[in-house]
Amino acid sequence: MGKCLRYITANTDTEEQSFPVPKAFNTHVEELNLDVLLQKVDHLRMNESGKSESFELLCDHKEKFRDEIEFMWRFARAYGDMYELSTNTQEKKHYANIGRTLSERAINRAPMNGHCHLWYAVLCGYVSEFEGLQNKINYGHLFKEHLDIAIKLLPEEPFLYYLKGRYCYTVSKLSWIEKKMAATLFGKIPSSTVQEALHNFLKAEELCPGYSNPNYMYLAKCYADLEENQNALKFCNLALLLPTVTKEDKEAQKEMQKIMTSLKR
């Protein structure tokens, strides 16, 4: 199998009204051509520590490449990265909204580009964190719709199955009242099962063995819910072999310790 990248975690156009950026930001901008820029940006964001630098590089080149599709979806993705890295609620909201606007523009320009749909889905998810229940449901609907389009266009991308698994898992745990509310909005009750969630997490693992700590955590959760304790423990143990790099990795490891404790009772 080809080398697969481990997943590392990514209303009006207010791009100009930005949060303070490092002083060195625009003093000297090295003009890169598009291909070199994209390669550099992708390489930098493979590490948590390079994500801010990757974002800055894109900001420096936005005037030049803002209408290039490959630039547009990466710029939206970078706003998603900044949302993940930020600990300030207002900042998070700011990054999520701009990123969603950028990714929506990208979809309108390139409706057959799976990456545009992927990052639009992710950023809808981020924006929904700041909304009331009705808008949360609305964004959840958009998330699912665009995730499904992305899966059709990028069927070998493990990140998509991880996201779909998380969606299915969340829906399987919705309360009756939340389902009723969604049905009122969309005319149908969202339904999913732990088995469907499991199927998607397994698909991510099949496409990229050792995909991520969070994927192993959800596999363990699904198996624990299904009372298949041996399988749940197997994935907890596999997770212990993975490096803990991101904030999400650390949270997944903590959650896994809890699962292991409860399984051994």
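The protein exposes about 13,700 Å², of which carbon and sulfur atoms supply 53% (Shrake-Rupley method, 1.4 Å probe). This is a predicted model, in which local features need pLDDT of at least 70 and side-chain atom pairs count only at pLDDT 80 or more, while totals for chains, interfaces and linings use all residues. Residues are numbered from 1 along each chain as its sequence is written, and side-chain values use heavy atoms, with hydrogens and water left out.

The protein has 13 helices and zero strands (DSSP runs, numbered from the N terminus: H or I of at least four residues for helices, E of at least two for strands). Of its 265 residues, 50% are buried, that is, under 20% relative accessible area with a 1.4 Å probe and protein chains only.

At the start of H11, a side-chain oxygen of Ser212 comes to within 3.1 Å of the backbone nitrogen of Asn215. After H11 comes Glu227, with a positive phi near 60°.

The structure holds 17 aromatic pairs (rings of Phe, Tyr and Trp, the last by its six-membered ring, with centres within 6.5 Å; planes under 30 degrees apart are stacked, over 60 edge-to-face and the rest tilted). The ring centres of Tyr169 and Tyr218 lie 5.7 Å apart with planes at 70°, so this pair is edge-to-face. Because Tyr169 belongs to helix H8 (residues 158-172) and Tyr218 to helix H11 (residues 213-225), the pair ties together parts 49 residues apart in sequence. Both Tyr169 and Tyr218 are buried. A tilted pair joins Tyr216 and Phe235, at 5.7 Å centre to centre and 40° between the planes. Tyr216 lies in H11 and Phe235 in helix H12 (residues 229-240), so parts 19 residues apart in sequence are tied together. Tyr216 and Phe235 are likewise buried.

Elsewhere, Phe55, Phe65, Phe71, Phe75, Tyr79 and Tyr95 form one aromatic cluster.

Notes: A polar contact is a pair of N or O atoms within 3.5 Å; within protein, one must be able to donate a hydrogen and the other to accept it, and residues adjacent in sequence count only if both atoms are side-chain atoms.
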